[in-house]
Structures are given as C-alpha cells and as structure tokens.
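I opened the notebook on this chain today. The entries below follow the order in which I looked things up.

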Amino acid sequence: MDRLKIGITCYPSLGGSGVVATELGKLLAEKGHEVHFITHSIPFRLGKFQKNIFYHEVEVNDYYVFKYPPYDLALATKMAQVAKMQNLDLFHVHYAVPHAVCAFLAKQMLGNDIKVVTTLHGTDITVLGQDESLKDLIRLGINESDAVTAVSKDLIRETREVLDITREIDLTYNFVDHRVYYPRDVSNLREDFASPEEKILMHISNFRPVKRVSDVVDIFAKVNREIPSRLLLVGEGPDLPKIQAKISEMGLDDKVRFLGRQDEIAQVISLADLLLLPSEKESFGLVALEAMACGVPTIGSQTGGIPELIEHGKTGFIAPIGDTETMAKYAIKLLSDDRMVEQFRQACLETACKDFCKDSITSQYEDIYYRVLGRK
Ligand code: GMT
C-alpha cells in the first residue's frame, strides 16, 4: 500500500462534519496512513492516543494591532508549517470556508507542492453560499481544490446551482463505524426513561432553527394522544429555551426529558424506538445514519440528502417540511405495529451496513487521494 501523509482540518467541536472528519482520520490511520489534524482544539471524537495520528494546534496571534485576531491566517500558516515539517502529501479540509481557502493559501506558501481535497458538508453552501458577499470566496475555495467531494447528490446539485460551479464533484456519503454503532443492550437504562408499555421518541441536534425542533414537539404531542410515549431531547443550542417553554405550555413536562449533550450516542440512540428529524435543511443527516446503524428508524423531512439516506416505507418515513400531521401519522402507524417495527429495524441494520459502511467510504476517499496525487 502507498502510505500517505494527510493533513486534516475541520471544525473540531460538536457537529456532524467534525465527527466525519475525525472518524475518517482515525480509519485512515488504522489503515497505515499518517494523519495530522490541524485544528484550533482537539477534535472531540479523537479519543485516546492512536498510532499514526498527530495533532497540531492552531494558535491565533492576538498582536495588539489586530482588532479581530486573524484565525484564518494563523490556520493557513500552521497548515503550511506542518506540511513542510511533516512532508505531507495532501490536505483534506472539511468546509470550503474558511478551510478550503486556508488550504489554498497554504498551498501557495508551499509553492504548489501539495494537493487539496475539500469535502462540502452543507451549511457552507446552503447558508454561507446564499450570502452574496461570500459567494466568490467559497467559489475560489472550491475551484482551487484538486478534488471536491460532497456528502449527498442533493448537495452536489445545490452547490452547482447556488455557486454556479461546473467542476467535477465526487459523491462521498457519510459513514458509520459498526464497531461503535450497533444496537446496544440498554434494557436496564430504559426503565429510567419509560415504562415497558411506553414508546420512546428521540430527537438529537444542535437545536438551531434549521432543525425545526418545534415540529418535533408537535409531532410528539400528536403521537402521545394515541400511543403511550415519551420524548427524549438530546443536545443543546439556541432554540432550547423556546422549546422548553413550548413543552410547558403544552402541558408535556412530565412526558419529555432533556438529556443535554451526550458523548455515548450509540448507547443513547439505542434507547429510542423512533428518531425524529424534521429539519428545514439537511445535506445528509448523520444522526439518522447513526440511528439506522443502531436499528432505529427515522421520520424525516423531504429535504436535502435525507431522502438519499432514509428509504420511505423501509428504513423510515419522509414527509414534506413542516407537515407534522403526516409525520405523526407515520409515527403512529409504525409504533402501533410490532411486526412493522421489526421489519424496519432489520432493514435499518442491513442498509447501514451495506450502503454506508466505513470501509467502502474510506476506500473511496483513498481513491480520490491517489487520483489527485497521480498515483493511480
Ligand atoms: O447540522 C448541523 O447543524 C451541523 C453541520 C456540521 O457542520 O457538522 O452538519 C452538516 O454536516 C453533516 C455531516 O456531513 C450533515 O450530516 C448535516 O446534514 C449537515 N447539516 C446541514 O446540512 C444543516
């Protein structure tokens, strides 16, 4: 095997893109590549010391003439330094802004002697790409990369449409590690959250408006009228206070539990009978894949990459954005039919294993690396 030296830059704090970048780095290291994370703090999923993995912290210079400390310049400089010192073959950056642009700058500093692979995760295109003042910058980051990948067909379509991009973009779906994401035995934990006859509905997110957590509560309220059930809300974010108030107003306090941020997501998801993901926008929906790998179906909205991940009527259900009536109907239909639940559960486990397997997606990334390096 041609062993590569790869610099990975991502947002290291909570978020699907940080999870994917970190897990990919760990898998590449397991396969014998040397992986250097270049980020402002240790990626939260990096875990304990692992062979072939290195971490380089970006320190921002707060020299007194700077009104705003220039993180992007500090990152670009660090990327160039690490590349030179470690003799990196390529940078794999997650998010066009600022990471692909920083990689472009670093590449210039290195006299073009490095390749850049950029992975688009969604919000860089769907939110930042809508901002006229940033469009040219995002376009630069994308067009100057040696390869660009996106996590769903829909994101590729949207990138082309919003930014008028014509270059090739590879499709690389997100993946799960089946050594971590599998149905856990949580029977003794479950009794803390629900009685045996109650179903557990769950939502996990960063509680940003795009997640439409208010819809989650509406769906649950409708389901709860028909089926004894509980709602577990996992994560934190700007909409949390609003959601707490809504739950109280609806008299649902004793049916809903807030679990806050959780690390052991596989363990937490395994508590659920159903995941709700009624987002306004979702380029992929990694949490639905994590649920799928634990045998938990999702009811999601007809948006972004969700329909590429969830097969309607097989691994979950899909309904138009904001249509909480239909989403609740699907939830009731599924949760009141034990045979259907078991069929969905099996389909979830099979699909997660077959279509979103860590090994095949890691190989796809390796093929892209070798392609840009002209080694294949
Ligand atoms: O969804 C978020 O708010 C976080 C965001 C991120 O930066 O991690 O998630 C994006 O990337 C994930 C990993 O590829 C995708 O699973 C999410 O769907 C995508 N979020 C959006 O498109 C809103």
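Which residues does UniProt list for "domain: Glycosyl transferase family"? I found residues 190–347 in the record, which is an unreviewed entry. I keep in mind that the model is a predicted one. Over residues 190–347 I read 41% helix and 18% strand, with the end C-alpha atoms 23 Å apart.

**Domains.** I looked up the domain assignment next. It gives domain 1 as 5–175 + 357–372 and domain 2 as 187–355. I noted 30 Å between the C-alpha centres of the two domains. Their contact takes 15 residues from domain 1 and twelve residues from domain 2. On the side of domain 1 that touches domain 2, helix H1 (16–30) and helix H6 (153–163) each supply at least two residues. By class, I have six nonpolar, seven polar and two charged residues on that side of domain 1.

**Sheet with E1 to E7.** I traced an open sheet of seven strands in the order E3-E2-E1-E4-E5-E6-E7, and its pairing is parallel. Strand E3 (53–57) and strand E7 (170–171) are the edges; each has a single partner strand, so one side of each has no neighbour in the sheet. I checked the pair of strand E2 (residues 34–39) and E3: they run parallel and are joined by five bridges. His 36 has Phe 54 in E3 as its bridge partner.

I then looked at which helices lie on this sheet. H1 lies across strand E1 (5–9), E2, E3 and strand E4 (90–94), at about 155° to E2. H6 also packs on the sheet, where it touches strand E5 (115–120), strand E6 (147–150) and E7, and its direction makes about 125° with that of E6.

**Sheet with E8 to E13.** I traced another open sheet, of six strands in the order E10-E9-E8-E11-E12-E13, again with parallel pairing. Strand E10 (256–260) and strand E13 (316–319) are its edge strands, each pairing on one side only. Ignoring direction, I have neighbouring strands turned by 20° against each other on average. Strand E11 (residues 274–277) pairs with strand E12 (residues 298–301) in the parallel sense, over three bridges. Within this pair, Leu 275 has Thr 298 in E12 as its bridge partner.

Helix H8 (residues 213–226) lies across strand E8 (199–204), strand E9 (229–234) and E11, and runs at about 175° to E8. Helix H11 (residues 286–293) packs on the sheet and touches E8, E11 and E12, its direction making about 170° with that of E11.

**H11 and H14.** I followed H11 to its contact with helix H14 (residues 338–355): the axes come within 7 Å and cross at roughly 115°. From H11, Leu 289, Met 292 and Ala 293 meet Cys 348, Thr 351 and Ala 352 in H14. I counted this contact by class as five nonpolar, one polar and no charged residues.

**Ligand.** Which residues come nearest to the ligand? Of the 20 around it, I listed Gly 15, Gly 16, Ser 17, Gly 122 and Ser 283. The shell draws at least three residues from each of domain 1 and domain 2. H1 and helix H4 (123–126) each supply at least two residues of the shell, and H1 gives the largest share, three residues.

Key
Residues are numbered from 1 along each chain as its sequence is written. This is a predicted model: local features need pLDDT of at least 70, side-chain atom pairs count only at pLDDT 80 or more; totals for chains, interfaces and linings use all residues. Domain bounds come from an automatic or database domain assignment. Two residues are in contact if their C-beta atoms, placed from the backbone, lie within 7 Å. Helices (H or I, at least four residues) and strands (E, at least two) are DSSP runs, numbered from the N terminus. Ala, Val, Leu, Ile, Met, Phe, Trp, Tyr, Cys and Pro count as nonpolar, Asp, Glu, Lys and Arg as charged, and the others, Gly among them, as polar. A residue is near a molecule or strand if its C-beta atom, placed from the backbone, lies within 6 Å of it. Two strands pair if DSSP finds at least two bridges between them. Axes are lines fitted to C-alpha atoms, for helices over the stretch in contact, and angles run from 0 to 180 degrees between N-to-C directions. UniProt positions are given in the numbering used here, feature names are shortened, and annotations may be inferred rather than shown by experiment.
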